[in-house]
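Could you walk me through this structure, one selection at a time? I have the viewer open and would like to know what to click on next.

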Amino acid sequence: MRTFYGVQAMRGVAALAVVCGHAVIARSDPATQNAAEAAHTILASGVDIFFVISGFIIATTAASQTDALNFAFRRAIRIYPMYWLVLLGAFVSSYWIAPGPGDRAALDLGHLFAWDYPNWYIPPAWSIAFEMHFYAVVAVILAIAPHRLFELLFVGLGVAVVAVVFKLPLGIYSHPLILEFGAGVFIAYLVRMKGTLPVLPYSTAISAALFAAGWYWIFVHGSSNPQLARVPTYGLGAALLIYTVVSAELHGTCFSRILQWFGSISYSLYISHYLLIKWIANFPELWQISPAGVIIASILLSIGLAAVLHLLVEVPTLNWGRKLSLMRRGGELPLTFAGVRDLQKP
């Protein structure tokens, strides 16, 4: 089956951006705090890239499926084993090191199933809650009208726009960042309809300019609503970036194997790095090196831990999930649009 290697590489870029942002902010002091916050503000845009990728991949792989239970099972196997392992580590260590602000939170169902945000035990997992709500919408559509996936997703996007504009109390579905999934869905729709994507002139430069504009609006200008400010800047920049990458690959461009490898471990890296960096920051006496050295060490150790978790936990559970899925479907290969392998990271 065909893989979008460029999208895989962008997952790696997005994960590295988030890790670097947390590593920098964890080692900031009064003298470097402003610079650290500036770096963290732009590097946090990795999450916006993830959301656009998720919309693209999930819409693409779900477009030829009709089995909602199989879809939900595959999403659960993708998310929960690794998440629960890191959550267990965070819960145990929270007796000594608080991963989140304020008092220790109760380990409720919202934490156990990554359904609510913010997530006190694994702060970066707030984005997993957005992913899970998006998966739930796709699963419902597959259950009731699988052949109208894109039409109903666009209807849902319209509802989300109304909810954002009029501030309707729809929880995550009225949060501005949910619109970024819609950008990925739209790119998947274009590929499905046309089979290719035309090359847009200066798209890379425009994407970079949008990310820069988002950084200026949020950090320098100080937006009163930074989450809303992310959508027309980081979100649109991420959408244009993924469009450019998919278009380039459909026209024969190859992408770095190193970045593809980072893409393969991106979920393990994203979900585990914060806890490790938090541990490192809480024992500064063990690190007899410069703050810059600690930042580099934190990033490298996060990558190493993610690589181990990917091999020992993520790959075996995904293989088990595929086998179980095939057994349930009577040995038939799961259907995916255009033979695109399911590369989804939350």
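Among contacts in the chain between residues at least 6 apart in sequence, what percentage join residues at least 24 apart? The figure is 78%. Keep in mind on this tour that you are looking at a predicted model.

**Stop one: the whole chain**

Start with everything selected and a cartoon view. Turn the view along the principal axes, and the C-alpha atoms fill a box of roughly 60 × 45 × 45 Å. Colour by accessibility next: of the 346 residues, 50% count as buried.

**Stop two: the second largest pocket**

Now select His22, His40, Ala44, Trp126 and Arg230. Of the 26 residues that line the second largest pocket, these are the closest to its centre. The volume of this pocket is about 540 Å³.

Helix α1 provides the largest share of the lining, with six residues. If you colour the lining by residue type, you will get 18 nonpolar, six polar and two charged residues.

**Stop three: Ser272**

Stay with helix α12 and select Ser272, which has its place there. Is Ser272 buried or exposed? Its relative accessibility is 3%, so Ser272 counts as buried, the cut-off being under 20%.

Leave aside the neighbours within four places in sequence, and show what else touches this serine: Ser272 is in contact with Val86, Leu305, Ala306 and Leu309. Ser272 and Pro284 are twelve residues apart along the chain, and their C-alpha atoms are separated by 20 Å.

**Last stop: two cysteines**

Finish by selecting Cys20 and Cys254. Cys20 counts as partly exposed because its relative accessibility is 24%, a value that lies between the 20% and 50% cut-offs. Cys254, in contrast, is exposed, with a relative accessible area of 71%. There is no need to look for sulfur bridges anywhere in the model: a search of the whole structure finds zero disulfides.

Terms used:
Residues are numbered from 1 along each chain as its sequence is written. This is a predicted model: local features need pLDDT of at least 70, side-chain atom pairs count only at pLDDT 80 or more; totals for chains, interfaces and linings use all residues. Side-chain values use heavy atoms; hydrogens and water are left out. A disulfide is a pair of cysteine sulfur atoms within 2.5 Å. Buried means under 20% relative accessible area, exposed over 50%, partly exposed in between (1.4 Å probe, protein chains only). On a 1 Å grid over the protein atoms alone, a cavity is a set of points where a 1.4 Å probe fits but cannot get out, and a pocket is an open set with protein on both sides within 12 Å along at least five of seven lines; lining residues have an atom within 4 Å of a point. Grid points are joined across faces, edges and corners, and a volume is the space filled by probe spheres set on the points. Helices (H or I, at least four residues) and strands (E, at least two) are DSSP runs, numbered from the N terminus. Ala, Val, Leu, Ile, Met, Phe, Trp, Tyr, Cys and Pro count as nonpolar, Asp, Glu, Lys and Arg as charged, and the others, Gly among them, as polar. Contact means heavy atoms within 4.5 Å.
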